Amino acid sequence: MTDRTPQGEGSRADGEGIKTFPFPAELAVGGVGMQIGPMGTDHTWHADAPLHRVHRIDFHVVMLFTDGPVRHMIDFAEYEAGAGDLLWIRPGQVHRFSREAVYRGTVLTMQPGFLPRATVEATGLYRYDLPPLLHPGPDRLAALQASLDQLRREYEDTATLPLSLHTAVLRHTLTAFLLRLAHLAASSAEAGRQHTDSTFTRFRDAVEQGFATNHSVSAYADALGYSRRTLVRAVRAATGETPKGFIDKRVVLEAKRLLAHTDLPIGRVGAAVGFPDAANFTKFFHLHTGQTPVAFRAELR
């Protein structure tokens with residue numbers, strides 16, 4: 001978006017073979033771990049990741065739109081953003097740009113590790129339970145826009161400070177923007193419930209760690225020290241789903257990611273998300289998506 005990664009730079013694959021496109025630090029001003037600039041139609045993260053194809057990145061992206069509507073896919077859900085809306089995409093999430101829409105506004109990208117741990121926790125950088133599409137009101141939008149404009153000025157000003165101080169100022173200015181953004185994200189009713197419900201939060205984190213091998217609600221309840229009934233109440237209050245539905249949704253998402261990003265045989269995809277038997281995986285995937293794994297993969301190729 002803000003820069004084109006050189007042809008010679010390759011993507012990398014994780015343990016399951018997913019191609020993940022890294023943050024192009026060598027193209028950032030001064031080599032710092034962030035970039036900010038206008039959105040455009042002629043840029044991509046990497047030559048092998050055309051924007052209109054489903055792809056995955058290992059850095060944060062925040063887009064503030066000045067025009068719309070724009071339909072953007074994140075983790076296989078479609079979001080429609082208009083003028084004044086923000087989209088926040090976190091590392092590891094798959095997404096796809098719209099072929100038809102023109103993206104206008106400002107895009108901010110951040111490399112994991114650019115900010116200190118305390119800031120990461122305060123700003124909820126890895127709150128994957130929060131919605132990626134945000135609709136700030138006029139006052140919040142004005143404050144966010146002013147903060148983002150200041151960040152862009154600091155980013156582009158490499159003449160008045162030595163690099164070490166320039167980087168420190170960027171971190172502080174970026175933190176100010178992200179604190180405003182995090183407050184906006186956490187202020188929605190659903191996000192607020194999820195944030196304050198420690199039972200659900202612990203369950204969500206446990207599922208994130210164990211979904212590839214553990215699909216049992218009772219096993220999670222036992223490991224966390226809750227009764228099954230307590231877990232059901234907490235998850236339903238936070239998400240409107242049952243614990244089993246929440247687990248299955250996470251398993252399906254990971255299966256979709258692997259089908260979209262790898263050429264692994266269907267049996268190996270199933271095994272990676274906890275189904276040693278390929279037939280059982282196909283039955284599970286079809287039940288939750290209405291498609292076979294083969295058909296889903298074919299649609300994306």
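Reader: Is Thr230 buried, exposed or partly exposed?
Author: In this predicted model, local features need pLDDT of at least 70, side-chain atom pairs count only at pLDDT 80 or more, and totals for chains, interfaces and linings use all residues. Residues are numbered from 1 along each chain as its sequence is written, and side-chain values use heavy atoms, with hydrogens and water left out. Buried means under 20% relative accessible area and exposed over 50%, with partly exposed in between (1.4 Å probe, protein chains only). Because its relative accessible area is 25%, Thr230 is partly exposed.

Reader: How far apart in space are Thr230 and Thr199?
Author: Thr230 belongs to helix 7, residues 228-239; helices are DSSP runs (H or I, at least four residues), numbered from the N terminus. In sequence, Thr230 and Thr199 are 31 residues apart, and from C-alpha to C-alpha the separation in space is 8.3 Å.

Reader: At what angle do helix 8 and helix 11 pack?
Author: Axes are lines fitted to C-alpha atoms, for helices over the stretch in contact, and angles run from 0 to 180 degrees between N-to-C directions. The axes of helix 8 and helix 11 (residues 293-300) are 9 Å apart, and the angle is about 55 degrees.

Reader: Which word describes how helix 8 and helix 11 lie to each other?
Author: Angles under 35 degrees count as roughly parallel, over 145 as roughly antiparallel, 65 to 115 as roughly perpendicular and the rest as oblique. The angle here is about 55 degrees. Helix 8 and helix 11 are therefore oblique.

Notes. Helix = DSSP H or I, 4+ residues; strand = E, 2+ residues; numbered from the N terminus.
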